[in-house]
Amino acid sequence: MAFGRSSRKQPPVEPVTLKILVAGGFGVGKTTLVGAVSEIRPLRTEEILSEAGRPVDDLHGVETKSTTTVAMDFGRITLREDLVLYLFGTPGQDRFWFLWDELAQGALGAVVLADTRRLEDSFAAIDYFERRGIPFTVAVNCFEGSRRFPAESVRGALDLDPEVELLMCDARDRESVKNVLVAVVEHALVLADRGPAAVTG
């Protein structure tokens with residue numbers, strides 16, 4: 001008796017969905033990063049910078065910036081048929097940090113986007129994820145015209161633990177951003193396999 005190949009279709013794969021935060025200082029490129037890689041039209045909560053906010057918002061190094069995120073950015077990317085990432089970009093200004101705890105709930109990991117012209121703006125985000133035991137990867141956004149530094153020099157300036165990966169990226173480039181997101185997911189899953197002690201250090 002001859003058996004033919006089954007003509008029944010395989011049921012569709014139910015993808016695993018993971019939540020990733022995109023954090024960093026004011027004007028570092030978080031909205032740009034989410035928009036560059038999202039396969040849906042990203043949700044943005046941008047408002048025009050006002051004169052009243054100028055004494056509060058440090059525009060040094062980003063003088064041409066005219067808008068700012070006041071709640072979050074949201075996007076989605078399918079890395080594989082069975083893996084979807086939901087991206088939540090956090091607001092950069094100190095006065096919106098009360099939103100971070102809500103956004104961080106259920107997050108697998110985070111990207112801390114850094115700008116070498118304003119590297120000190122990254123410390124608060126790094127400290128936030130370290131204290132809460134959320135795995136993160138640092139991505140240096142290589143702005144056009146900005147001075148480039150070796151990765152080890154940036155790592156030393158940020159005082160990163162050895163297991164924290166640091167990558168150079170272009171937040172405008174889809175493939176560059178995808179590489180960062182893959183690194184975050186892999187790093188977070190490795191730490192998850194090691195157990196809670198590995199995440200909290």
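Some ground rules. The model is predicted: local features need pLDDT of at least 70, side-chain atom pairs count only at pLDDT 80 or more, and totals for chains, interfaces and linings use all residues. Residues are numbered from 1 along each chain as its sequence is written, and side-chain values use heavy atoms, with hydrogens and water left out.

Confidence comes next. pLDDT is the predictor's confidence in each residue, from 0 to 100. The chain's mean is 83, and 75% of its residues reach 70 or more. Look at residues 62–66, where pLDDT stays under 50. The model has nine contacts for that stretch beyond four places in sequence. A contact means heavy atoms within 4.5 Å.

Now the fold. There are six helices and seven strands. These are DSSP runs, numbered from the N terminus: helices are H or I with at least four residues, strands are E with at least two. Along the sequence the pattern reads β-α-β-β-β-α-β-α-β-α-β-α-α. Of the contacts with a separation of 6 or more, 71% join residues 24 or more positions apart.

On to the inside. Of the 201 residues in the chain, 47% are buried. Buried means under 20% relative accessible area, exposed means over 50%, and partly exposed lies in between, with a 1.4 Å probe and protein chains only. A nonpolar core is a set of buried Ala, Val, Leu, Ile, Met, Phe, Trp, Tyr and Cys residues joined through side-chain atoms within 4.5 Å. The largest one has 26 residues. Leu-21, Phe-129, Phe-136, Val-138, Leu-158 and Leu-160 touch the most other members. Several elements give two or more residues to this core, among them β1 (16–24), β5 (109–114) and β6 (136–141). Which element gives the most? It is α3, with four residues. A second, separate core has 25 residues, including Leu-18, Leu-33, Leu-83 and Leu-108. Back to Leu-21: beyond four places in sequence, its contacts include Phe-88, Leu-103, Val-111 and Phe-129.

Rings next. Rings of Phe, Tyr and Trp (its six-membered ring) pair if their centres lie within 6.5 Å; planes under 30 degrees apart count as stacked, over 60 as edge-to-face, and the rest as tilted. The structure holds six aromatic pairs. Phe-74 and Tyr-86 form a stacked one, 5.8 Å centre to centre, with 25 degrees between the planes. Phe-74 is in strand β3 (residues 67–80) and Tyr-86 in strand β4 (residues 83–89), so this pair ties together parts 12 residues apart in sequence. Phe-74 is buried, at 18% relative accessibility. Tyr-86 is partly exposed, at 29%. Elsewhere, ring pairs join Trp-100, Tyr-128, Phe-129 and Phe-136 into a cluster.

Charges can sit over rings too: NZ of Lys or CZ of Arg must be within 6 Å of the ring centre and within 35 degrees of the ring normal. Lys-19 lies over the face of Phe-88, 4.7 Å from the ring centre.

How many disulfides? The count is zero, where a disulfide is a pair of cysteine sulfur atoms within 2.5 Å. The sulfur of Cys-142 has its closest cysteine sulfur in Cys-169, 6.6 Å away, which is too far for a bond. Cys-142 is buried at 14% relative accessibility, and Cys-169 is buried at 4%.

One last residue. Most residues other than glycine have a negative phi. Asp-159 has a positive one, near 55 degrees. Asp-159 sits in the loop between α4 and β7 (166–169). With 63% relative accessibility, Asp-159 counts as exposed.
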